[in-house]
Each structure stands twice: as C-alpha cells, then as structure tokens.
Amino acid sequence: MKSIIAYFNKPLLKVSLIFGLITGVLVFLFFLGLYFMDIVPLGNNKILDFGIHIILIAGACWYFRKYVGNGFLHLWEALTIGYVVNTFGALIAGWLIYFFVTYADPSVFTDYIAEMKALMLEGKAELVKNIGEAEFAKMYNGVGNMQRSEIIMDEVSKKTVMAIIPILVISLIFRKQDYGVFHNKS
C-alpha cells in the first residue's frame, strides 16, 4: 500500500490530479448553471465548458513552474500536466453528469436526445446528400438508442480531441528550461 501512495505522491501527478479534480467540479457546476437557466445542458450549449479546461491547464502549468519547478518547467512536464488535468477533469465531470442525469433529473438526457434528433431532421437533406439515406437512418437510430453511460466516454473523447492544440500551445508558452548546462564555463 505504501508503494501505491508513494507513486501518487509525486508532485507532477499530485498537482495534475488536484487541478483535474477542480476542473471536473467546475465543469459540473457549469452544467448545473445551464440546467438552472432552463437551457439543455448537454450538446452544443455545453461546449463552452472547454474554456474551464484551458484555464485550469494553464493554471496548473503556471503553479507547477512557480512552486514545484522553482521557475522551470520542461516541455514534457507541461504536456503531462495538460493531458492529465484534461483527462481527469473530463472523467470527473462525465461521472458527475452521469449521476445527475441518472438519479437527479433523467429528463435532461431525454431532452438532449430529442434535441439531437430534431437537429438531425433539420439538416437531413444535407446529411443524406453527403452520407446517403441508409447511413442517415443508421445514425438517427443510433442517437435514439444512446445510453446514459455513454456520456462519460463522450465527455472524455471530445475533450481529448479538442485539447490537443491548446495543450501544446500552453506547454510551449509555460516551458522554461535551465540552459546553463549547455554553456561552457571554462
């Protein structure tokens, strides 16, 4: 047990997991804010929560560089921090949203499915032209058969794809290395 605790006691992982937890909770609070404003909190309206991910990834890199790295942050450390914060935050948010739509208010999920179907029917002509009638019918039925548990992996997969470029940019901005080892002092 001590070896497991020692493994997770590394500053790089500890800082990333704490910021990831904060990210997940803030994304869930954003979800609740949309819910209490009577906006369907899943789908297109929820995409703005990615700003929370970006802000907290940058915050985690800044914190690690200032307080753990003593002013230095390697690119690989920044990339690790970014991906761990993003993934852990998406997992926490996904589970919290799943529990909410399963136990607190299942109508949120049914409203989301209805909105998705309505959007698909609205753009049916364009979709059929691009992918064909059979593929459209398959996609439309797939949306209708969606399970609540898919919210978790949907959250993680979307956030992972969306985060590739921002994490790289944040990592490049916050990295700072000690190049003193490359200077010949003799």
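This dialogue walks through selected features of a predicted model.

Student: What should I know before I start reading?

Tutor: The model is predicted: local features need pLDDT of at least 70, side-chain atom pairs count only at pLDDT 80 or more, and totals for chains, interfaces and linings use all residues. Residues are numbered from 1 along each chain as its sequence is written, and side-chain values use heavy atoms, with hydrogens and water left out.

Student: How many residues line the largest pocket, and which are the closest to its centre?

Tutor: The general idea comes first. Rolling a probe the size of a water molecule over the atoms shows where empty space is left. A pocket is found on a 1 Å grid over the protein atoms alone: it is an open set of points where a 1.4 Å probe fits, with protein on both sides within 12 Å along at least five of seven lines. Lining residues have an atom within 4 Å of a point. A volume is the space filled by probe spheres set on the points, which are joined across faces, edges and corners. Here, the largest pocket has a volume of about 300 Å³. Its lining has 17 residues, and Leu42, Gly43, Tyr112, Asp154 and Lys158 are the closest to the centre.

Student: Which helix gives the most to the lining of the largest pocket?

Tutor: Helices are DSSP runs (H or I, at least four residues), numbered from the N terminus. Helix α8 gives the most to this lining, with 6 residues. Both α5 (107-122) and α8 (150-174) supply at least two residues each.

Student: What is the lining of the largest pocket made of, by class?

Tutor: Ala, Val, Leu, Ile, Met, Phe, Trp, Tyr, Cys and Pro count as nonpolar; Asp, Glu, Lys and Arg count as charged; the others, Gly among them, count as polar. By that scheme the lining has 9 nonpolar, 6 charged and 2 polar residues.

Student: How many salt bridges does the structure hold?

Tutor: A salt bridge is a side-chain nitrogen of Lys or Arg within 4 Å of a carboxyl oxygen of Asp or Glu. The structure holds 7 of them. One joins Asp154 to Lys158, with the closest N and O atoms 3.2 Å apart.

Student: Where do Asp154 and Lys158 sit relative to each other in helix α8?

Tutor: They are separated by about one helical turn, because they are 4 residues apart in helix α8. Now read exposure. Buried means under 20% relative accessible area, exposed means over 50%, and partly exposed lies in between (1.4 Å probe, protein chains only). Asp154 is partly exposed at 26%. Lys158 is partly exposed at 40%. Elsewhere, salt bridges that share partners join Lys46, Asp49, Glu155 and Lys159 into one network.

Student: Are Asp49 and Lys46 buried or exposed?

Tutor: Asp49 is buried, at 0% relative accessibility. Lys46 is buried too, with a relative accessible area of 6%. Their side chains meet in a salt bridge (2.5 Å, N to O).

Student: Which helix holds Lys129 and Glu126?

Tutor: Both lie in helix α6 (residues 124-131), 3 residues apart, about one turn of the helix. Lys129 is exposed at 63%, while Glu126 is partly exposed at 45%.

Student: Which residues make the nonpolar surface patch?

Tutor: Patches are made of residues with over 30% relative accessible area and no salt bridge; like charges are joined within 9 Å, nonpolar side chains (Val, Leu, Ile, Met, Phe, Trp, Tyr) within 5 Å. Areas come from the Shrake-Rupley method with a 1.4 Å probe, and for residues only the protein chains shown count as cover. Here Ile18, Leu21, Ile22, Val25, Leu26 and Leu29 make a patch of about 480 Å². Take Ile22: it is in helix α2 (residues 11-36). Ile22 is partly exposed, at 38% relative accessibility.

Student: What is the phi of Asp38, and what is that of Asn70?

Tutor: Most residues other than glycine have a negative phi. Asp38 has a positive phi near 60°. Asn70 also has a positive phi, about 55°. Asp38 is in the loop between α2 and α3 (50-68) and is exposed at 73%. Asn70 is in the loop between α3 and α4 (75-104) and is exposed at 63%.

Student: Where is Ile97 found?

Tutor: Ile97 is in helix α4. Ile97 is buried, at 0% relative accessibility.
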